[in-house]
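Thanks for coming. I have one structure to go through today, so let me put it on the screen.

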Amino acid sequence: AIAYDVTVDGAGNVYVCGTTQTGSGEYKLVLRKLSGTNGQTIWETDYQGLAGTYTAGVKVVLDNHLNSYVVGTGTPASGDADMILVKFNAAGQRLWTEFIDSGKHKADQGVDMAIQGDSVYVLGGMAIDVGKRMAAVVRMTTGGTRKWVRTWQESSATAAYPQALTVDSHGNAVVAGYSTLLGSKSYAF
């Protein structure tokens, strides 16, 4: 098992997301809630994609109702990865799952997210060709409806690697990351 992110609720309970290997050799996204008092597992839940897939959660965020949102990557055996966003309720039951694909069927990865009001903002990187990637911000409702997707790259010869996202009280998203020009120069954004 690999843990990628941790957050804490107002009662001090700890939520850890990551991935773990199944008995059949596949990897599934895992979310665990631990007691802030004694560290014991309160509940553990997961999302396993199709047979032969790699699925991992890299960031967990809680809303005001203690619903958990986990963003990451789901990769089938064919190698086509999609950004994935999974919502779990306060008891750890999965409410919905959304796959976000660039349309190029390449390696797309979710890296960060933020919640503002009734919106979930997801940050990721989307491969569009060999050595070429674009950054993406996706706005979803907390109910699982996609509102919009915005993508960008510095030029047609760059690979964008978004790293962090924050959203202000007006819903403006700010992204940090870097781009490389065919592997030779790096530019911050």
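This is a predicted model: local features need pLDDT of at least 70, side-chain atom pairs count only at pLDDT 80 or more; totals for chains, interfaces and linings use all residues.

Residues are numbered from 1 along each chain as its sequence is written, and side-chain values use heavy atoms, with hydrogens and water left out.

A nonpolar core here is a set of buried Ala, Val, Leu, Ile, Met, Phe, Trp, Tyr and Cys residues joined through side-chain atoms within 4.5 Å. Buried is under 20% relative accessible area, exposed over 50%, partly exposed in between, with a 1.4 Å probe and protein chains only. The largest core has 16 residues, and Leu-85, Met-113, Val-120 and Val-122 touch the most other members. A second, separate core has 12 residues, including Leu-29 and Val-60.

Now Asp-5, in strand β1, residues 2-8; strands are DSSP runs of E, at least two residues, numbered from the N terminus. Asp-5 is buried without a salt bridge, meaning a side-chain nitrogen of Lys or Arg within 4 Å of a carboxyl oxygen of Asp or Glu. The nearest side chain of opposite charge is Lys-59, 4.0 Å away. A polar atom of the Asp-5 side chain lies 2.9 Å from the backbone nitrogen of Val-60.

Last, rings of Phe, Tyr and Trp (its six-membered ring) pair if their centres lie within 6.5 Å; planes under 30 degrees apart are stacked, over 60 edge-to-face, the rest tilted. That gives six aromatic pairs. Tyr-27 and Tyr-54 have ring centres 5.3 Å apart and planes at 55°, so this pair is tilted.

Methods: Helices (H or I, at least four residues) and strands (E, at least two) are DSSP runs, numbered from the N terminus. Lys and Arg count as positive and Asp and Glu as negative; His and the chain ends are not counted. A polar contact is a pair of N or O atoms within 3.5 Å; within protein, one must be able to donate a hydrogen and the other to accept it, and residues adjacent in sequence count only if both atoms are side-chain atoms.
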